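Colleague: I am new to reading models like this one. Shall we go through it together?

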Amino acid sequence: MPFDPSLAWDSLPRMLFGLANTVGITALTLVLGLAMAIPVTLARMSPRRIFRLPAAWFVMFFRGTPALILMYLVYYGLAQLPSIHDGPLWPIFANAFACAVIGLALNHASYLVEILRGGLEAVPAGLVEASAALGISPRQTYQWVRLPLAMRYALKAYQNEVIGFTKGTAVVGVITVVDLTATANEVFERTYDPVTPMLTAAVLYWCLINLMRIGFEFADRRLNRHLAAEEQRRRKPVAASLQPALARWTGLAAPNTERAL
Amino acid sequence: MLISASEAGYFQQLARGAVITMELAVSGYILALIGGAVVGLVTLLPNRAIQAVWRVYASIVMGVPSLLVIFLFYYGGGTLLGGIIDITPFEAGLTALVVVYTVYVAELVRGAMRNVPRGQFEATAALAIRPVGAWLHVIMPQVVRLALPGLVNIWMIVLKDTALVSLAGLNDLVSHAKTAAGATKEPFIFFIAAALFFVVFSAVTLRFSARLEARFGRGLAVAKA
């Protein structure tokens, strides 16, 4: 494979700068996405149609649209509307970096709404009823019973979504934000070597994604530490007895110790 | 906003691009489905070497943006093949999507296989059902049921990822929308039109998948109530 280590080494400082931009966009999108998702989730779960329907449309539109089109729409499309172009927020919408974060955050928020809703709805009704029977106020029930449980239920889905959109930030290059992928493209255009910069960028992305995964696994262990003992007890015997049953039928066997990637 | 005659022409181009987008999404998804099912079954073999290679490979593919994989195949594909063949954007995009989503489908199939209760295997043994029949009529329907929500999810992601192939020069819906936006100075309407295409298709998918899930879950409904 025509991989050029010296070019990879020389371009590393620029690549790391691109990576820093990718991380910055990811972090800002996380915060802004969460800030958007909370009110929309509450509206989505509201018993009143007047709140529920617009929230459902929000989710349907921004979840169904590719991030690439959202980039174009926020950066080029909104500039065409007089209310934006002449409005007080124009300095924000004229900035490519801000537009990238807004576009990605809308996409992220719409996924987050469904994840939060799924987590909150998975809390057994009996627990909420029990708190009410014990005279605990609805607000406290929400804070100390529903939210902590919902966080636990939703963590895995949240992890998948965060890691998914981090990889999705690669599209911000199309509106002139110089992230890691855009840097790799720049190096390619100057050196006519496509393989080296793309593979260097791939290695850096891989490190970032796996660091995030380790962080999430740490959070998972912390939130679910009360389950650790039971998990071990449960996993071993089942996996051990599954193996021969599978193997007998097929020659296939279930690997038992492996965790999902 | 009124649509002029020249804009109507651009919308025809958009429709032609949409056909290419759908071709890419559907062929990429079907190939990834076949590849993922095969790879998922093979990597369940109790062989240490296969397990180790799979874990490394899956980690690499799942840790890298698909846009980067598309660029790698498009710009680097010619070099990697020794410069003999020129790769078209469609081929590069299709290869990249299949390579990436085969891994996701395979992981899903592996998870579904492991989640079929072991009592089902034991029951088929106890009832002396032949292996082929047990797989066709007992195990596989359950694997499909367990994997279905994930497969629908992957279809939606593949559909949206085809938009990225426009960045490798494919004349699909998105690239036509971009051309039209630049030429008419009306970016808003064309990008909204492109967005709505994807939104409508994911809404249709959700409808269809709800029916599929009801169909595959038909044995469960009674037990749950």
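Colleague: Which residues does A:Met71 touch, not counting residues up to four places away in sequence?

Modeller: This is a predicted model: local features need pLDDT of at least 70, side-chain atom pairs count only at pLDDT 80 or more, and totals for chains, interfaces and linings use all residues. Residues are numbered from 1 along each chain as written, chains are lettered from A and ligands numbered from 1 in written order, and side-chain values use heavy atoms, without hydrogens and water. Touching means heavy atoms within 4.5 Å. With those neighbours left out, A:Met71 touches A:Tyr76, A:Ala100, A:Gly103, A:Leu104, A:Val171, A:Val172, A:Val174 and A:Ile175.

Colleague: Which residues touch the most other members of the largest nonpolar core?

Modeller: A nonpolar core joins buried Ala, Val, Leu, Ile, Met, Phe, Trp, Tyr and Cys through side-chain atoms within 4.5 Å. Buried means under 20% relative accessible area (1.4 Å probe, protein chains only). This core has 114 residues, and those touching the most others are A:Leu68, A:Met71 and B:Phe198.

Colleague: Which helix gives the most to this core?

Modeller: Helices are DSSP runs (H or I, at least four residues), numbered from the N terminus. The top giver supplies 12 residues: helix 4 (residues 89-115) of chain B.

Colleague: How are helix 2 of chain B and helix 4 of chain B oriented to each other?

Modeller: Their axes, lines fitted to C-alpha atoms over the stretch in contact, come within 10 Å and cross at roughly 125°. Angles run from 0 to 180 degrees between N-to-C directions. Under 35 is roughly parallel, over 145 roughly antiparallel, 65 to 115 roughly perpendicular, the rest oblique. Helix 2 of chain B and helix 4 of chain B are therefore oblique.

Key: Buried means under 20% relative accessible area, exposed over 50%, partly exposed in between (1.4 Å probe, protein chains only). Helices (H or I, at least four residues) and strands (E, at least two) are DSSP runs, numbered from the N terminus.
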